[in-house]
Amino acid sequence: MGKDQLRVLHALDTAKTQYYHFTAIVIAGMGFFTDAYDLFSISLITKLLGRIYYTDLSSPTPGTLPPNVAALINGVAFIGTLSGQLFFGWLGDRLGRKTVYGFTLILMIVCSVASGMSFGTTPKAVMSTICFFRFWLGVGIGGDYPLSAVIMSEYANKKTRGAFIAAVFAMQGFGILFGGIFTIIVSTAFNNAYPAPSYEVDHAASTVRQADFVWRVIVAFGALPAFLTFYWRMQMPETARYTALVAKNAKQAANDMSSVLQTQSMALEDDDMPILLGDDWGLFSREFLHRHGLHLLATTTTWFFLDIAFYSQNLFQKDIFSKVGWIPPAKTLNAIEEVFKIARAQTIIALCGTVPGYWFTVALIDVIGRFWIQLMGFFMMTLFMLGLAFPYEYWTNHHVGFVVMYGFTFFFANFGPNATTFIVPAEIFPARLRSTCHGISAAAGKAGAIVGSFAFLYASQSKNPVERDKGYRAGIGTRNSLFLLAISNFFGLIMTFFVPEAKGRSLEEVSRENEEVFIVLS
């Protein structure tokens with residue numbers, strides 16, 4: 001484009017922040033609110049599922065999910081998410097962002113409700129049904145990643161684009177927090193309505209029949225926020241950048257944006273209709289490899305290394321919460337009380353570490369820039385992981401300090417690479433490949449999440465049989481696992497140096513589309 005920059009895109013870049021920008025943040029953000037609620041709420045109810053379906057009344061301790069079942073329950077949604085990121089990311093570039101956007105939300109609504117209605121007369125049947133619906137729920141969630149990020153980046157002006165995309169992603173923090181709060185409310189209501197003794201007092205009576213409704217209500221409730229925003233998501237016009245640069249209909253792009261944004265010089269007359277000419281090289285072309293190959297490698301690897309550490313941190317929560325007394329031994333609680341204790345502990349971590357980190361990013365990303373926030377985040381995560389690992393024996397006797405250090409790793413993940421790895425791929429690739437490349441980057445992240453959740457689930461097991469989770473073999477232990485996670489963060493830090501800075505630059509400039517596209521006025 002250069003000097004003959006398309007007016008509709010220039011108008012978007014220079015548009016003042018206005019009401020519709022915030023409306024778009026809420027519409028796209030509620031999808032992420034639902035995503036986080038659905039993905040993270042399962043960790044609140046896995047203990048309850050173990051008690052309901054796998055308790056041996058002759059055992060001195062309550063039932064837990066067998067290792068293979070626990071891996072499936074947690075992992076199948078990640079596999080679905082990875083699949084959805086790749087498929088819907090590609091589809092968003094082929095059919096348009098808006099066309100695909102509604103379908104992902106429908107999939108999340110239907111599968112959230114269906115997960116809560118999982119049926120069967122045997123534990124195997126119920127778990128199989130949950131896994132089936134959680135896979136398709138994950139597919140819908142996966143599609144929301146590239147579409148929400150790209151839609152927000154293409155609506156935003158270049159001055160506040162980073163903050164707008166970060167605000168969409170920050171709704172994930174509220175989803176995690178609300179999941180904990182809602183679980184506290186539900187478990188408290190059921191525990192008051194159906195009081196029960198602890199497991200050590202009465203094995204059978206400690207899990208009341210109504211406990212089966214607790215996890216179903218929690219899981220199914222994830223459909224509500226998605227349902228409430230479906231109408232407004234369907235009313236969003238296609239992004240001007242997709243219409244102008246991919247569909248090559250600048251007049252329609254101007255009309256669409258004029259209907260929702262107040263900008264100058266948006267309308268184009270028929271005799272002023274620009275025709276966009278330029279290269280159409282694709283993802284697997286030599287030209288893409290030359291221009292963006294290193295960028296795609298950087299966005300995929302940084303997200304991969306980040307999610308290894310980010311998702312594996314949840315594995316240490318049970319040890320931390322138990323040692324500080326937030327979650328007493330399972331046998332001293334009834335089934336619903338245990339759900340309450342777990343939800344309360346995770347809510348505290350979300351409130352103190354997770355949510356603030358997201359909003360620090362929103363406030364500072366267009367001031368400091370993506371590069372420095374990501375570099376700082378990886379550095380601080382590496383530092384705190386090493387700070388937990390080297391004196392690990394010390395921390396076993398100083399629990400409060402351990403919790404503080406642990407909370408800071410979450411804070412700098414969210415005021416750092418957990419946010420920026422989501423933002424950058426939505427800015428640095430050409431419009432015709434933007435959704436696809438974001439989907440590929442996000443899928444690499446979910447591959448890291450699978451490694452972090454499952455490889456480290458087994459690796460972190462203690463060599464001491466007394467401290468090891470039931471059904472697991474000996475691993476390398478928590479201390480050595482923390483060292484490996486520090487190394488993963490360090491690799492993410494190194495790859496950050498290959499990620500370009502997009503602060504204050506138009507999407508066409510940072511993706512170099514202004515070098516390949518020119519306009520002929522008819």
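Start with the cysteines: a search of this predicted model turns up zero disulfides anywhere in the structure. Select Cys-352, and you'll land on an exposed residue, because its relative accessible area of 59% is over the 50% cut-off. Now jump to Cys-437, which is buried, at 0% relative accessibility.

**Next stop: charged pairs**

The whole structure contains 13 salt bridges. Select Glu-427 and Arg-161 to see one of them, with N and O 2.7 Å apart. These two are 266 residues apart and link distant parts of the chain. Glu-427 is in the loop between α17 (417-423) and α18 (431-459), while Arg-161 belongs to helix α6.

For a pair inside one helix, go to α11 (residues 286-312) and pick Glu-287 and Arg-291. Their closest N and O atoms are 2.6 Å apart, and they form a salt bridge. Why is there about one helical turn between Glu-287 and Arg-291? Because they are four residues apart in helix α11.

Then select Asp-366 and Arg-370, whose side chains meet in a salt bridge at 3.0 Å, N to O. Both Asp-366 and Arg-370 are buried.

**On to the rings**

There are 45 aromatic pairs in the structure. Zoom in on Phe-135 and Trp-136, where the ring centres are 5.1 Å apart. The planes of Phe-135 and Trp-136 sit at 85°, so this pair is edge-to-face. Phe-135 is partly exposed, with a relative accessible area of 22%, and Trp-136 is partly exposed too, at 37%.

Another edge-to-face pair is Phe-310 with Tyr-311: 5.4 Å from centre to centre, with 80° between the planes. Phe-310 and Tyr-311 are both buried.

Now select a whole group at once: Phe-32, Tyr-145, Phe-169, Trp-303, Tyr-358 and Phe-422. Together they make up one aromatic cluster.

**Charges over rings**

Pick Tyr-101 and look at what sits over its ring: the charged end of Arg-233, 3.6 Å from the ring centre. Then move to Trp-281. Arg-432 lies over the face of Trp-281, at 4.4 Å from the ring centre.

**Last stop: a serine in a loop**

Finish at Ser-198, in the loop between α6 (161-193) and α7 (211-220). Is Ser-198 buried or exposed? Ser-198 is buried, because its relative accessible area of 11% is under the 20% cut-off.

Which residues does Ser-198 touch? Leaving aside residues up to four places away in sequence, select Ser-206, Lys-331, Thr-332, Leu-333 and Asn-334 to see its contacts.

Note on methods: Residues numbered from 1 in each chain as written. Predicted model: local features only at pLDDT ≥ 70, side-chain atom pairs only at ≥ 80, totals over all residues. Heavy atoms only, no water. Buried < 20%, exposed > 50% of the residue type's maximum accessible area, 1.4 Å probe, protein only. Contact = heavy atoms within 4.5 Å. Salt bridge = Lys/Arg side-chain N within 4 Å of Asp/Glu carboxyl O. Phe/Tyr/Trp six-rings, centres within 6.5 Å; stacked < 30°, edge-to-face > 60°. Lys NZ or Arg CZ within 6 Å of the ring centre and 35° of its normal. Disulfide = S-S within 2.5 Å.
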